[in-house]
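Subject: Structure handover

Hello,

Here is the structure to take over from me. My notes on it follow below.

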Amino acid sequence: MVLDLGFIDETQNLLLESRFFPSKVGGKPAWLDLKFIPSSDQLICDACGMPNSFLCQLYCPLDEKESAFHRTIFIFLCLSKNCFQTNSNKNFIVLRSQLPLKNSYYPDTPPFLDKNWRPDISCSSHGVNLCFICGIRGIISCDDRCKQLFCSSYHKQIHNDNQNFKFDQKNKDRPTLLPEFGLSIESVDDQNNADAESESESDDENVENTKQNNLDYMNLLQFCAAHDLIDDNSFDEICKRISETAHDKVFLNFKSQIAMHPTQIIRYARNTEPLWLSKENIPICDSIPSCEYCGSSRQFEFQILPQILNYLNLDRDNNYIPGILDWGTLAIYTCRNNCDEGSAYKKEFLWKQDLIS
Ligand SMILES: [Zn+2]
Ligand SMILES: [Zn+2]
Ligand SMILES: [Zn+2]
Ligand SMILES: [Zn+2]
């Protein structure tokens, strides 16, 4: 069975605009549908009411559906510290957009991979202005001569503060854009779905195991970040040490899968099971709501691993990401039918699994 893994790829950083159908992390979204861009009221954090920040997007077209010849999933999140709650998806938003091969935005031949190719393929060519700060639909204009537009009064305020050199500590600490990177997708053999019949667990697991798992996991993540700096022998050693201390088979499996490709940040395996971190807080049959547009059930499509946090430059000690365990894994579920109903950017569902300390 084949699994697609996503890795940060800085060689692609010039080709992250809509016309190249990119997969990417951070920066502004590279919208697929160039006209019906979401406005801030579709991207408000459920927990605090502030606009969410763009986390990443994955270009994942479907062969079997004509209207999804092009297809991109977008993930947004609120970076405010208080909005991160254990096993809660309240500060995340997932949107799905798709287009047939013949559409009013893109030619029906593949893009020429050169940054100067067809810069006219853009939202502004379709009469849509984007927020100067965050890149979602701009609706409020600046009061001064610059004529920029903003999604919300929050982002207009950030702009005004910048203009007047009043850029205070408060805004500096709350990033509106995350660092931007290209994402490359590589296919590998999927060991997990080949032999991961969930084995029954003995009942003697306890709080100590969970604590140990959390420690192991933090070590693993730090190791993933440093992987390029150490040789293969120390890699084997760390894997072995982690295996020896782990008791939870689900967690053990998670770690061994991650260790095979330590810098992976995305695992794409539509219509299979996510690689869970723990046997706690796994969705049961009605935990995943049906598609709100067509009523079909949703299926798992891909997951985002916490290794992505290593690339986002967030100040984990003081400000918005209070600790590395702020998510264990983010599992994205999408409409089984990939329906065309509803708006151009359709809400999909995210399940957040954390390790509880
Ligand atoms: Zn929030
Ligand atoms: Zn904005
Ligand atoms: Zn201005
Ligand atoms: Zn649907």
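Leu99 lies in strand E5. This is a predicted model, and every value below is computed from it. Leu99 counts as buried because 22 other C-beta atoms lie within 10 Å, where the cut-off is 20 or more. Leaving out residues up to four places away in sequence, Leu99 touches Leu32, Asp33, Phe69 and His70. In sequence, Leu99 and Asp340 are 241 residues apart, yet their C-alpha atoms are 9.0 Å apart in space.

Asn129 is a contrasting case. It is found in the loop between E5 and strand E6 (140-141). Asn129 has 16 C-beta neighbours inside 10 Å, so it counts as partly exposed. Its contacts, again not counting residues up to four places away in sequence, are Ser124, Gly138 and Leu149. Asn129 and Ile37 are 92 residues apart in sequence, with 9.2 Å between their C-alpha atoms.

Next, the strands. The chain has six helices and twelve strands. Ten strands form a closed barrel with antiparallel pairing, in the order E1-E8-E2-E3-E4-E5-E12-E11-E10-E9.

- Strand E3 (residues 53-59) runs antiparallel to E4, and six bridges join them; Leu58 has Ile73 in E4 as its bridge partner.
- E4 and strand E5 (residues 92-99) are also antiparallel, over eight bridges.
- Strand E9 (residues 266-268) pairs with strand E10 (residues 298-304) in the antiparallel sense over three bridges; Tyr268 has Phe302 in E10 as its bridge partner.

How many of the residues of strand E4 (residues 70-77) are buried? Eight of the eight are, so E4 is largely enclosed by the rest of the structure. The burial covers both faces: His70, Thr72, Phe74 and Phe76 are on one side, and Arg71, Ile73, Ile75 and Leu77 are on the other. Over the chain of 357 residues, buried residues make up 38%.

On packing, the largest nonpolar core has 62 residues, and Ile75, Val94, Cys131 and Ile266 have the most contacts inside it. Ile266 touches Leu5, Gly6, Leu58, Leu183, Phe302, Ile304 and Leu305, with residues up to four places away in sequence left out. There is also a second, separate core of eight residues, including Val250, Phe254, Ile258 and Leu275. Of the contacts in the chain between residues at least 6 apart in sequence, 72% join residues at least 24 apart.

In helix H6 (residues 249-260), the buried residues are Val250, Phe251, Asn253, Phe254, Lys255 and Ile258. The twelve residues of H6 should span 16 Å at 1.5 Å a residue, and the end C-alpha atoms are 17 Å apart, which agrees. In helix H1 (residues 153-163), His155, Lys156 and Ile158 are buried. These three cover an arc of only 155° around the axis, so they are on the same side of H1. As background, an α-helix has 3.6 residues a turn, so residues three or four places apart point the same way.

Regards

Terms used: Residues numbered from 1 in each chain as written. Chains lettered and ligands numbered in written order. Predicted model: local features only at pLDDT ≥ 70, side-chain atom pairs only at ≥ 80, totals over all residues. Buried ≥ 20, exposed ≤ 12 C-beta atoms within 10 Å, placed from the backbone. Helix = DSSP H or I, 4+ residues; strand = E, 2+ residues; numbered from the N terminus. Pairing = 2+ DSSP bridges. Core = buried A, V, L, I, M, F, W, Y, C linked by C-beta atoms within 7 Å. Contact = placed C-beta atoms within 7 Å. Arc of directions from axis to C-beta. Expected span 1.5 Å × (residues − 1).
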